[in-house]
Amino acid sequence: MAASPQNPAASGPRRKVSRHRGEGQWAAGHFTPLNGNEQFKKDDDGLNVRTRIETIYSKRGFDSIDPNDLRGRMRWWGLYTQRRPGIDGGKTAVLEPEELDDRYFMLRVRIDAGALTTQQLRVIGEVSQEFARGTADITDRQNVQYHWIRIEDVPEIWQRLEAVGLSTVTACGDTPRVMIGSPVAGIAEDEIIDATPALEEMKRRVLNNPAYSNLPRKFKTAISGSPLLDVVHEINDVAFVGVRHPEHGPGFDVWVGGGLSTNPKLGVRLGAWVPIEDVPDVHEGVISIFRDYGYRRLRNRARLKFLVADWGAEKFRQVLEDEYLGGRRLTDGPAPEQPVQQWRDHIGVHRQKDGRFYVGFAPRVGRVDGATLTKIADLAEAHGSGRVRTTVEQKMIVLDVEQDRVESLVEGLEALDLTARPSTFRRGTMACTGIEFCKLAIVETKQRGSTLIDELERRLTDFDEPLTINLNGCPNACARIQVADIGLKGQLVLDDEGRQVEGYQVHLGGALGLEAGFGRKVRGLKVTADELPDYIERVLTRFRAERTEGERFAAWTARASEEALS
């Protein structure tokens, strides 16, 4: 499977080459690039750009960067140009890339399964303070993102990160992105199976591997053995979910074809139970199917979810078994059980299976800074821990705390405005990068999300139902708006005086894990940024007045009138 992807003979019997270019599938013999992205990937592997960054661009400066590297291949090493300051959201879709580009970069540090030592966290914080003006946002895929990075500093940053075992390789680009995993793998009392050995082997096989560095689009992996379903498995290209087979014991249920953006689709089960030792083979097989059969003609149809939608689960499993697992048949298996609780973020104090405790806490919408991260590392070490974790909810966890040190740690976190006992609104609100740095964004998100938390805590002091509020700066759904209780998609709207202002289209009642589905859009409902607190207060007040006993917000929105939701 690691053979050259552009050599048809290297991955099995030669297939008949069709003259029709179709969807640009390599497996059909269609190797001629059908768009600019496919052309620059064919011209040079994105992994190779690192050498040019180190030997040319970092020495000659921003103006020396080849455009195909700047807006293409540099993503293979976690680098995007950030948005030039002062460009309003109305110009996002009309300006040329070079007009939107700032001379600084976002740099994404991949943190597979959110696993960090305190030494690594301290280095992340130090790099932030020295090279990134203090920025260090936690993403909803367990990564850390810097901003204000100069190309001249990138080699030194890589050296610092790699010295402690961190990397930015394929943190972006048409590659296997960060592999998200349960942040409490190997320590949780209720864990079905520890996925760590499988994840480590998956990383060893595919990261920095030219066989998988030219995929049709990005490829997202999730794996967890937690019964809480804590890795949003339904919206990944491939996901492995811990289950117990009635005959074979603990293993993983396989899902494929999930993803959001402007054409959201939930993943589908292959109906296969996979033992942990076979997970890396299946993972490599699914990536290879995507590489060989994925659609490369149109970028907006190049995600795996479109191939899965066209093929269906049965054909996908058949191709996986016949062509990529050497004819090996997968074992049929059970679906995962529904989690017993709606919160799946591991916030609060929880006993580990070794008798110690882990403490999950909530930064504001994932926004922290380098100085705070170094203080978290110091605080964790002072309380006996050498391990911390990030989560898919933009939160963090300190592991391995003795019982008599827990309360002191909680108090120390509170002093940093990092609460382990957050309100519903602090706990459940996420936000993407937004217009502050993102070239695709239309509206502001991070500060607005933080302000919204404060306002809702003030207005609804006794609201304690599980609730998620996700703010996104554009339609691309990086903050998972379609699967939030209240999803807010940024756009420009008209206020009462007819002026164009920042606002949001509202999605209501989305969910993952518990009756997964996409939120409901109320016809014509758009809310200005200034109206957000009033609107959410109004809807939540109606929910509490109309709900039946034990009814979740998502269930209420599904039956509520449009008037009640407006």
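Let's start with β8 and β9. In this predicted model, strand β8 and strand β9, residues 249-256, pair in the antiparallel sense over eight bridges. As one point of reference, V241 stands opposite D253 in β9. The link between β8 and β9 is a hairpin of three residues.

Now the other partner of β8. β7 and β8 run parallel, and four bridges join them. Here A222 stands opposite A239 in β8.

How many of the eight residues of β8 are buried? Seven. Buried means under 20% relative accessible area. So strand β8, residues 238-245, is largely enclosed by the rest of the structure.

β7 also takes us to a pocket. β7, residues 219-224, supplies at least two residues of the lining of the second largest pocket. So do α7, residues 196-206, and β14, residues 387-390. Which element gives the most? That is α7, with four residues.

The pocket holds about 430 Å³ of space. By class, the lining divides into 11 nonpolar, eight polar and seven charged residues.

Next, the cavities. There are two of 30 Å³ or more. The largest cavity has a volume of about 340 Å³. Its lining is made of 26 residues. Look for Q342, R344, E393, T468 and V483, which lie nearest its centre. By class, that lining has 12 nonpolar, six polar and eight charged residues.

The second largest cavity contains about 90 Å³ of space. It is lined by 12 residues, and W26, F31, T32, P33 and E38 are the closest to its centre. Four of the lining residues are nonpolar, five are polar and three are charged.

Q394 sits in the loop between β14 and β15, which covers 396-401. Its phi is near 65°, a positive value in a residue other than glycine. Why point that out? Most residues other than glycine have a negative phi, and most peptide bonds are trans. Is Q394 buried or exposed? At 4% relative accessibility, Q394 counts as buried, because the cut-off is under 20%.

R480 is another case. Phi of R480 is near 60°, again positive in a residue other than glycine. You will find R480 in the loop between β17, residues 469-472, and β18, residues 486-494. With 6% relative accessibility, R480 counts as buried.

On to a second sheet. This one is open, has four strands and runs in the order β1-β2-β5-β4. Its pairing is antiparallel. Which strands sit at the edges? β1, residues 79-83, and β4, residues 137-138. Each of these pairs on one side only.

Four bridges join β1 to β2, residues 101-109, and the two run antiparallel. Y80 stands opposite M106 in β2.

Past β1, find R84. R84 lies in the loop between β1 and α4, residues 97-100. R84 is partly exposed, with a relative accessible area of 37%. That value falls between the buried limit, under 20%, and the exposed limit, over 50%. One distance from here: R84 and F131 are 47 residues apart in sequence, and their C-alpha atoms are 18 Å apart in space.

Last stop, helix α15, residues 532-546.

Which residues of α15 are buried? They are L532, P533, Y535, I536, V539, L540 and F543. Around the axis they cover an arc of only 165°, so they lie on the same side of α15.

To recap on β8: it pairs with β9 in the antiparallel sense, it runs parallel with β7, and seven of its eight residues are buried. That's it from me.

Note on methods:
Residues numbered from 1 in each chain as written. Predicted model: local features only at pLDDT ≥ 70, side-chain atom pairs only at ≥ 80, totals over all residues. Heavy atoms only, no water. 1 Å grid on protein atoms, 1.4 Å probe; cavity = no way out; pocket = protein on both sides within 12 Å on 5 of 7 lines; lining within 4 Å. Points joined across faces, edges and corners; volume = space filled by probe spheres on them. Nonpolar A, V, L, I, M, F, W, Y, C, P; charged D, E, K, R; others polar. Buried < 20%, exposed > 50% of the residue type's maximum accessible area, 1.4 Å probe, protein only. Pairing = 2+ DSSP bridges. Expected span 1.5 Å × (residues − 1). Arc of directions from axis to C-beta.
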